[in-house]
6 protein chains.
Amino acid sequence: MTDITRADGRAVDQLRPITIERNWSSHAEGSALISFGGTRVLCTASFTNGVPRWLTGKGKGWVTAEYAMLPRATNDRNDRESIKGRVGGRTHEISRLIGRALRAVVDTKALGENTIVLDCDVLQADGGTRTAAITGAYVALADAIAWGKERKFIAQRSEVLHDSVAAVSVGIIDGTPMLDLAYVEDVRAETDMNVVVTGRGLFVEVQGTAEGAPFDKRELDRLLELGVAGCADLRDAQAAALAG
Amino acid sequence: MTDITRADGRAVDQLRPITIERNWSSHAEGSALISFGGTRVLCTASFTNGVPRWLTGKGKGWVTAEYAMLPRATNDRNDRESIKGRVGGRTHEISRLIGRALRAVVDTKALGENTIVLDCDVLQADGGTRTAAITGAYVALADAIAWGKERKFIAQRSEVLHDSVAAVSVGIIDGTPMLDLAYVEDVRAETDMNVVVTGRGLFVEVQGTAEGAPFDKRELDRLLELGVAGCADLRDAQAAALAG
Amino acid sequence: MTDITRADGRAVDQLRPITIERNWSSHAEGSALISFGGTRVLCTASFTNGVPRWLTGKGKGWVTAEYAMLPRATNDRNDRESIKGRVGGRTHEISRLIGRALRAVVDTKALGENTIVLDCDVLQADGGTRTAAITGAYVALADAIAWGKERKFIAQRSEVLHDSVAAVSVGIIDGTPMLDLAYVEDVRAETDMNVVVTGRGLFVEVQGTAEGAPFDKRELDRLLELGVAGCADLRDAQAAALAG
Amino acid sequence: MTDITRADGRAVDQLRPITIERNWSSHAEGSALISFGGTRVLCTASFTNGVPRWLTGKGKGWVTAEYAMLPRATNDRNDRESIKGRVGGRTHEISRLIGRALRAVVDTKALGENTIVLDCDVLQADGGTRTAAITGAYVALADAIAWGKERKFIAQRSEVLHDSVAAVSVGIIDGTPMLDLAYVEDVRAETDMNVVVTGRGLFVEVQGTAEGAPFDKRELDRLLELGVAGCADLRDAQAAALAG
Amino acid sequence: MTDITRADGRAVDQLRPITIERNWSSHAEGSALISFGGTRVLCTASFTNGVPRWLTGKGKGWVTAEYAMLPRATNDRNDRESIKGRVGGRTHEISRLIGRALRAVVDTKALGENTIVLDCDVLQADGGTRTAAITGAYVALADAIAWGKERKFIAQRSEVLHDSVAAVSVGIIDGTPMLDLAYVEDVRAETDMNVVVTGRGLFVEVQGTAEGAPFDKRELDRLLELGVAGCADLRDAQAAALAG
Amino acid sequence: MTDITRADGRAVDQLRPITIERNWSSHAEGSALISFGGTRVLCTASFTNGVPRWLTGKGKGWVTAEYAMLPRATNDRNDRESIKGRVGGRTHEISRLIGRALRAVVDTKALGENTIVLDCDVLQADGGTRTAAITGAYVALADAIAWGKERKFIAQRSEVLHDSVAAVSVGIIDGTPMLDLAYVEDVRAETDMNVVVTGRGLFVEVQGTAEGAPFDKRELDRLLELGVAGCADLRDAQAAALAG
């Protein structure tokens with residue numbers, strides 16, 4: 001497998017260069033500009049004391065996410081969803097995925113009656129935007145929780161986060177399973193999978209789709225193995241950013 | 001595992017009663033009213049000679065799907081999406097899933113420049129609506145293709161369908177992996193997964209989500225095993241309906 | 001007039017076969033799957049204790065209706081109104097008609113501060129969908145009121161329904177007035193009329209439109225006579241279903 | 001019946017003061033500002049050479065209408081439908097009614113491949129806005145057709161209008177049938193009916209609704225009689241305006 | 001400059017004929033049908049005791065405006081914004097301008113917790129519709145405030161209006177600055193400017209745009225001079241109408 | 001005037017630190033990340049060979065702009081316009097302003113039948129976002145035109161840009177006219193003005209609004225003087241970026 005040459009010279013089990021610019025925003029309670037190679041996503045966390053009406057009085061908080069792409073984040077310009085007057089299916093689906101992924105590591109009781117909204121805006125897209133969004137949003141979320149503790153909206157000793165969470169794409173190209181697909185790889189993939197994994201190595205979400213030929217159990221196992229290893233590297237990058 | 005008692009007395013690896021009422025509609029080119037226990041979905045296939053503008057002249061056809069729920073399909077009434085003026089994220093996500101699942105077994109070249117739209121309307125919901133929709137839509141699709149051949153829109157010898165496809169939900173409840181969750185089970189599941197499997201036993205889609213605790217590789221494997229076996233039973237039910 | 005041959009062999013003053021499948025839904029407080037020949041409408045009644053804000057504290061209840069058609073209920077597929085993002089004029093108009101027709105036989109004081117929403121979803125259309133919807137919705141409404149009495153939301157002795165209500169279409173084809181038009185007749189009708197009549201034979205609504213030549217008083221009288229007789233037959237079918 | 005006193009002193013079979021200000025607009029191809037007492041509707045006809053795509057090449061024209069109300073046409077201000085982002089059911093229903101009423105007297109073959117759009121905007125509302133709109137729109141339509149003949153878009157000898165058309169409301173108040181209800185009467189009416197009648201006295205549309213108690217055949221007959229007589233007076237007012 | 005001939009024979013510093021028909025509406029608390037030549041705008045003021053939720057309890061009132069055009073106000077028919085389902089940018093922009101212009105002369109403390117909505121509907125357009133709207137809306141506003149005082153919603157001695165406000169367009173055509181452009185002039189203007197000026201001659205708003213060549217300070221000064229003089233004439237017309 | 005102390009220590013006629021990061025995007029044909037102090041706007045230019053249908057065949061090109069703000073660009077989070085389903089009035093107004101400002105320096109004949117869309121997305125807002133957007137968009141536009149010449153979509157010798165354009169805000173705070181207001185200044189300003197000025201010092205747009213007390217001619221003159229000087233500094237920054 002070491003003989004496979006990827007367009008950018010990476011090994012099949014190698015991530016693209018990962019950078020996490022923490023506290024990019026001077027307004028948000030937590031923020032991170034994350035890049036997975038050419039993919040750049042601005043993640044901001046907005047902290048509100050209080051919860052939506054349907055959750056009031058239950059002693060629990062709420063974490064949700066919204067994903068969007070700037071019109072010229074991609075190679076060809078896409079019309080704005082605000083102009084079209086409706087949010088597309090793909091946007092909705094990814095927003096829901098990010099929210100679920102983050103809630104999987106949050107103890108909403110410990111969060112108390114507070115709401116954190118994660119906005120993940122893709123400034124530039126080159127494959128893997130949803131996985132970069134989850135990975136960066138975790139950093140923004142952690143900072144927003146720290147902010148809430150400083151302001152006493154959250155009890156100092158509350159363990160709101162019981163684990164960290166990161167995500168990465170994997171896929172099969174020309175029969176070879178690979179980690180962290182760039183756009184040129186993504187469009188050629190026969191199978192495309194996103195895995196969301198906690199810092200302890202457990203699965204939060206596995207979404208695999210055969211774009212071309214259906215896949216068998218052996219291929220699925222290899223993809224999961226690559227994804228778990230990639231997420232471990234991302235976990236380390238998150239920890240480094242949060243320690244910085 | 002044989003000691004686990006499910007609400008409806010089923011074994012953990014047992015489907016609910018499956019019925020497929022083929023040709024329910026007198027207008028559609030293919031149709032099936034499918035039930036997975038209390039879940040009832042009306043699937044119709046609409047055949048159009050010709051393709052959307054963006055596909056014209058490429059010698060390929062198009063298969064797409066739309067999923068929706070009647071307002072009182074559920075235990076509490078939901079507002080109509082037509083009245084709200086927008087289609088919700090969940091609806092979009094499931095419509096896209098159904099379309100992808102069906103296209104995975106369609107040879108669009110063999111289909112020729114024809115379009116088939118699958119409408120999957122949930123008349124009554126009791127868990128697993130998206131998997132019932134995929135399973136029933138396959139039957140309607142097969143009939144619509146046969147209709148297209150009779151009318152000579154598709155060459156008689158074209159092998160449009162290179163496999164069949166079915167789907168089922170699996171999940172972990174109180175630590176036990178189970179097949180084909182009814183609504184009362186679904187809301188209690190720690191992990192919820194939908195698997196889409198071809199007649200030959202290959203994966204088209206695997207979507208697993210930890211609703212509660214994250215899951216490990218061993219649990220994932222058991223869920224996939226249950227799902228593959230359930231889809232084999234559904235494949236047989238589809239074949240029986242199409243032979244009927 | 002006995003010499004006129006209709007496409008399906010009916011006499012000019014004869015209804016199509018009427019079936020009413022009561023309690024079709026296991027979730028709704030009242031439901032009926034009604035068919036007028038090939039027209040099939042699923043009517044569900046959703047009972048809510050309480051009224052919309054604008055009616056609160058007036059000691060009165062509210063009954064309303066929503067009509068819709070599945071995309072492939074018709075011979076050609078229609079786009080979903082949820083996808084188009086707006087409800088069409090025809091849909092609105094029919095929803096309003098059904099609501100008015102039912103409210104005409106309801107004593108909202110006797111109903112108390114409760115709301116009943118009737119959903120009428122056309123599963124298959126072959127002419128007369130709005131009249132079938134009214135006729136079936138009455139059955140679902142009666143059952144929802146009975147449900148409300150059992151649950152003590154409505155006083156046991158309240159006479160909420162002071163009459164029954166049914167509806168039928170009539171029209172003039174090739175100069176001949178006829179009852180209960182099927183789709184092939186409807187498109188050829190010079191005049192098209194819907195009459196909504198109570199069990200006691202009084203008019204709730206008369207909506208007649210000249211699609212071709214305008215009509216005179218004599219023709220109008222004959223159409224009304226046919227409609228009143230047809231509604232009497234439908235009243236008997238409703239009573240039989242509710243007695244069943 | 002002569003003893004009944006109406007709020008404005010009219011006899012039960014008497015119209016309110018009717019004025020028709022023809023050619024109110026300097027831009028439209030036909031226009032009329034019509035008043036039925038305090039109800040004032042600006043009707044403009046816009047003539048376009050050509051037809052919508054779905055009608056192209058059939059040698060026929062198209063007449064359609066749109067009805068709307070200014071936000072403060074009524075006693076309390078209503079939000080604009082443009083701001084709400086959707087056109088309400090009542091607006092749609094009335095627009096469709098006006099279009100049908102006008103098309104009933106138009107020979108679309110004689111019109112040729114031309115389109116006329118009637119805009120009926122209620123500047124002030126005091127009951128009967130839809131009937132005033134139909135009556136005024138007929139005048140604007142006649143002028144637009146004359147304009148089309150002058151410009152040679154329509155053959156000089158074409159008889160596009162084979163009759164005139166007018167409309168009026170009738171209703172039963174405290175058991176008494178009355179003509180042309182003002183707003184204060186309309187809200188009290190037990191039965192409310194709109195009749196659309198041609199210049200020759202034939203019915204184009206009859207829409208009667210029991211708002212309170214259902215009505216019997218004798219009452220219906222009296223309402224129709226009043227409506228036909230009222231429409232004859234309106235026909236004369238239209239003729240006078242067009243002769244002016 | 002006196003040698004310049006305008007299409008309608010006016011001098012470059014001359015307004016078109018201005019008419020203000022006060023109390024046009026019998027429902028609104030204040031109203032004016034204003035015309036600037038062929039431009040006719042119906043302005044109504046709707047008074048509500050109380051303020052929007054976001055302003056409650058601050059002891060201040062609110063004045064806002066909505067501008068719209070009838071579909072055939074212009075030479076070619078425009079689609080209704082209600083049908084399109086969205087309000088266009090130009091409409092929004094003008095509505096906001098009118099609201100700001102009026103608020104500039106209102107003491108919202110003196111108004112108390114009352115809301116006044118100004119609706120400015122263009123019945124016929126011939127250039128300068130936004131400036132006619134502001135000028136007419138001021139008259140309707142003054143009457144609505146008087147109405148509020150009569151009803152004791154506003155203290156009798158409150159000085160709600162600390163000045164009057166009017167607006168006019170100016171522009172440069174073929175190098176010549178001119179006042180109050182009609183439509184045929186507006187489309188040819190190299191620079192187009194709207195000025196909103198109080199009765200005391202102070203600026204509330206200056207909006208100048210180079211449609212063709214950019215303009216210099218000298219031209220800007222001449223345009224402002226013309227605009228201020230035009231607004232002084234309009235102030236006198238407002239005063240005359242309010243005195244009438 | 002030199003004694004006035006601004007929150008950030010600037011002189012009244014001093015711009016905030018201006019940075020222009022050219023070619024920020026690897027996809028767009030031109031791009032600039034511009035900052036005016038804490039205000040950061042990403043401007044991208046998308047070049048398309050061809051023009052919208054309504055301009056086809058006229059030998060002219062088209063330049064347009066869209067402005068938007070990320071939800072957490074501001075101190076409090078704003079809901080996304082895509083989620084709300086409609087673009088707000090302020091967004092529309094600013095998009096239109098940016099488009100007009102850029103078209104003022106473009107020779108659309110020289111551009112040929114090409115379209116350039118400028119997207120200005122505010123990543124962080126601290127006052128003056130629309131003026132930063134215009135200033136940055138000019139840089140992206142210039143690069144997109146250069147790109148079009150390299151690709152031969154535009155003739156090499158065409159002088160598409162006959163001048164440069166920049167914009168800045170000015171305002172009166174506590175009676176003192178000041179240049180380039182930061183957010184804390186903007187909210188306190190009695191008068192707020194945006195001026196758009198070409199490289200040669202001519203006005204393209206002047207938009208001044210009295211938020212508090214109306215302003216007189218002397219104040220207006222001082223604001224214009226500050227704005228013209230500020231735009232000259234911005235023109236130099238643009239030139240430096242484009243030379244870089």
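Analyst: B:Asp180 sits in the loop between β7 (176-179) and α5 (183-186) of chain B, in what is a predicted model. Its phi is near 55°, a positive value in a residue other than glycine, and B:Asp180 is buried, with a relative accessible area of 0%. The loop between β7 (176-179) and α5 (183-186) of chain E holds E:Asp180, where phi is again near 55°, positive although the residue is not glycine. E:Asp180 counts as buried because its relative accessibility is 0%, and the cut-off for that class is under 20%.

In chain F, F:Arg10 forms a salt bridge with F:Glu185, with 3.5 Å between the closest N and O atoms. F:Arg10 belongs to the segment before β1 (18-22) of chain F and F:Glu185 to helix α5 (residues 183-186) of that chain, so the pair ties together parts that are 175 residues apart in sequence. Both F:Arg10 and F:Glu185 are buried. In chain A, salt bridges that share partners join A:Arg6, A:Asp8, A:Arg10, A:Arg16, A:Asp126, A:Asp180 and A:Glu185 into one network. Side chains of opposite charge can pair when their charged atoms come close. Over all chains, the count comes to 138 salt bridges.

Some of these pairs join two chains. B:Lys217 forms a salt bridge with A:Asp221, and the closest N and O atoms are 2.8 Å apart. Because B:Lys217 lies in helix α6 (residues 217-243) of chain B and A:Asp221 in helix α6 (residues 217-243) of chain A, this pair joins two chains. B:Lys217 is partly exposed, at a relative accessible area of 29%, and A:Asp221 is also partly exposed, at 25%. D:Glu93 is buried, with a relative accessible area of 8%, whereas C:Arg96 is partly exposed, with 33%.

The axes of helix α2 (residues 89-103) of chain A and helix α2 (residues 89-103) of chain B come within 8 Å and cross at roughly 110°, which makes α2(A) roughly perpendicular to α2(B). On the α2(A) side the contact is made by A:Gly89, A:Arg90, A:His92, A:Glu93, A:Arg96 and A:Arg100, and on the α2(B) side by B:Gly89, B:Arg90, B:His92, B:Glu93, B:Arg96 and B:Arg100. By class, this contact of α2(A) with α2(B) has no nonpolar residues, four polar ones and eight charged ones.

Between chain F and chain A, 35 residues of chain F are in contact with 35 residues of chain A. The area buried between chain F and chain A is about 2,800 Å², of which carbon and sulfur atoms give 50%. F:Trp24, F:His27 and F:Arg72 supply 26% of the area that chain F buries against chain A, more than any other three residues. The count of salt bridges between chain F and chain A is twelve. Among the salt bridges in the model is that of F:Glu29 with A:Arg72, whose closest N and O atoms are 2.6 Å apart.

Notes:
Residues are numbered from 1 along each chain as its sequence is written. Chains are lettered from A and ligands numbered from 1 in the order in which they are written. This is a predicted model: local features need pLDDT of at least 70, side-chain atom pairs count only at pLDDT 80 or more; totals for chains, interfaces and linings use all residues. Side-chain values use heavy atoms; hydrogens and water are left out. Axes are lines fitted to C-alpha atoms, for helices over the stretch in contact, and angles run from 0 to 180 degrees between N-to-C directions. Helices (H or I, at least four residues) and strands (E, at least two) are DSSP runs, numbered from the N terminus. Angles under 35 degrees count as roughly parallel, over 145 as roughly antiparallel, 65 to 115 as roughly perpendicular and the rest as oblique. Contact means heavy atoms within 4.5 Å. Ala, Val, Leu, Ile, Met, Phe, Trp, Tyr, Cys and Pro count as nonpolar, Asp, Glu, Lys and Arg as charged, and the others, Gly among them, as polar. A salt bridge is a side-chain nitrogen of Lys or Arg within 4 Å of a carboxyl oxygen of Asp or Glu. Buried means under 20% relative accessible area, exposed over 50%, partly exposed in between (1.4 Å probe, protein chains only). Buried area is the accessible area (1.4 Å probe) that two parts lose on being put together, summed over both.
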